[in-house]
Amino acid sequence: MCRAVERADGPSVQHNLACVSRDSAFIEERAALYAAAHSLQPTAVQRELIAETAKLGRVAGMQIGPLQGAFMTVLTTALRPRLAVEVGTFTGYSALCVASALEPGAQLICCDVSEEWTSVARRYWERAGVADRIDLRIGPALDTLRALPNEPRIDLAFIDADKSSYPDYYEAILERLAPGGVILVDNVLRGGTVADPGHDDEATEAMRAFNDHVAADSRVSSVMLPIGDGLTMISRRQ
Ligand SMILES: C[S@@+](CC[C@H](N)C(=O)[O-])C[C@H]1O[C@@H](n2cnc3c(N)ncnc32)[C@H](O)[C@@H]1O
């Protein structure tokens with residue numbers, strides 16, 4: 001649902017609010033709107049990509065929201081990764097948020113199985129002037145990750161593809177993670193079902209097992225953030 005919020009710089013905030021439901025599932029609505037309005041706003045190209053993706057219908061719900069996009073852009077700016085990896089690219093919005101903050105010479109490897117959805121991504125990366133920083137690899141992401149050389153190490157990774165493979169993606173990336181590197185994992189709250197004992201379906205149990213594994217993993221420090229559908233941020237202990 002879109003609701004207005006008092007702020008002087010109108011249009012981009014209004015647009016952001018149109019997408020706020022994906023950003024605010026676990027935060028009281030007014031606070032979510034306020035947070036969105038006081039965060040980095042999507043660029044014109046990002047807004048157009050969000051609008052084009054929305055026309056795809058229900059699958060558009062796979063796209064991260066603008067608040068999470070802003071978080072990923074700010075994090076990328078702070079970490080200054082030389083190599084970033086994305087598992088699950090869809091129409092390219094989260095990749096655009098990361099790529100737009102990469103420094104010259106840095107690279108983002110994107111993994112997806114869909115030529116159709118990533119053809120949309122390619123168009124918007126071109127328009128945003130970041131296509132030369134992105135290496136899109138079509139094929140099962142686990143094959144792509146396992147084929148990566150040991151060097152350079154991964155400085156930033158975002159896992160947002162088929163949930164059943166999360167444990168494999170996590171291990172493949174952790175093995176290749178640079179000291180001080182960060183892994184982001186999306187949808188860890190699964191709409192809150194992981195915290196609800198009334199849900200015992202296979203997908204929810206699998207996400208619980210993955211979350212328990214990360215929380216108990218002595219190799220890493222992690223924090224689960226109630227942004228989007230739940231985002232875990234993980235760094236390897238030095
Ligand atoms: C949730 S969407 C990614 C959304 C994207 N990060 C964004 O914010 O716009 C998940 C994507 O994972 C891709 N995917 C599913 N299984 C995969 C696999 N085994 N290997 C690579 N990509 C896969 C799908 O094609 C889909 O585009």
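Author: Let's go through this one feature by feature, and keep in mind that the model is predicted.

Reader: Okay, which domains is the chain divided into?

Author: There are domain 1 (10-54) and domain 2 (61-236). Taken over C-alpha atoms, their centres are separated by 20 Å. Where the domains touch, domain 1 puts in 19 residues and domain 2 puts in 24 residues.

Reader: Which elements give two or more residues to the side of domain 1 that touches domain 2?

Author: Look for α2 (20-23), α3 (29-37) and α4 (44-54). Of these, α4 gives the most, with six residues. If you sort that side of domain 1 by class, you get 12 nonpolar, four polar and three charged residues.

Reader: How do I read a helix that has a buried side?

Author: Start with the geometry: an α-helix has 3.6 residues a turn, so residues three or four places apart point the same way. Now try α4, where Gln46, Leu49, Ile50 and Thr53 are buried. They sit on the same side of α4 because they cover an arc of only 100 degrees around the axis. Among the elements covering these buried residues are α6 (93-99) and α7 (115-128).

Reader: And which residues are buried in α3?

Author: Ala32, Leu33, Ala36 and Ala37. They cover an arc of only 130 degrees around the axis, so they too lie on the same side of their helix, α3. Turn to the face pointing away from that buried side and you find Arg30 and Ala31, which are exposed.

Reader: What about a nonpolar core? How do I read that?

Author: The general idea is that in soluble globular proteins, nonpolar side chains tend to be buried together. Here the largest nonpolar core has 60 residues. Val98, Ala157, Ile159, Ile173 and Ile183 are those with the most contacts inside it. The largest share comes from α6, with six residues. Both domains take part: the core draws at least three residues from each of domain 1 and domain 2.

Reader: Can we zoom in on one of those residues?

Author: Ile159 counts as buried because it has 27 C-beta neighbours inside 10 Å, and the cut-off for buried is 20 or more. Leaving aside neighbours within four places in sequence, Ile159 is in contact with Val87, Tyr166, Tyr169, Tyr170, Ile183, Leu184, Val185 and Asp186. Tyr170 is 11 residues away from Ile159 in sequence, yet their C-alpha atoms are 7.9 Å apart in space.

Reader: Is Ala147 buried or exposed?

Author: Exposed, because Ala147 has 10 C-beta neighbours inside 10 Å, and the cut-off for exposed is 12 or fewer. You'll find Ala147 in the loop between α8 (141-146) and β4 (154-159). Ala147 and Ala172 are 25 residues apart in sequence, and 9.9 Å apart in space from C-alpha to C-alpha.

Reader: Which peptide bond is cis?

Author: The one from Glu151 to Pro152, with omega near -5 degrees. Pro152 is in the loop between α8 and β4.

Reader: Last one: which residues come nearest to the ligand?

Author: Of the 19 residues around the ligand, those are Met62, Gly88, Phe90, Ser94 and Ala141. The elements that give two or more residues to this shell are α6 and β2 (107-112). By class, the shell has 10 nonpolar, six polar and three charged residues.

Methods. Residues are numbered from 1 along each chain as its sequence is written. This is a predicted model: local features need pLDDT of at least 70, side-chain atom pairs count only at pLDDT 80 or more; totals for chains, interfaces and linings use all residues. A residue is near a molecule or strand if its C-beta atom, placed from the backbone, lies within 6 Å of it. Helices (H or I, at least four residues) and strands (E, at least two) are DSSP runs, numbered from the N terminus. Ala, Val, Leu, Ile, Met, Phe, Trp, Tyr, Cys and Pro count as nonpolar, Asp, Glu, Lys and Arg as charged, and the others, Gly among them, as polar. Domain bounds come from an automatic or database domain assignment. Two residues are in contact if their C-beta atoms, placed from the backbone, lie within 7 Å. A nonpolar core is a set of buried Ala, Val, Leu, Ile, Met, Phe, Trp, Tyr and Cys residues joined through C-beta atoms within 7 Å. The arc is that of the directions from the helix axis to the C-beta atoms.
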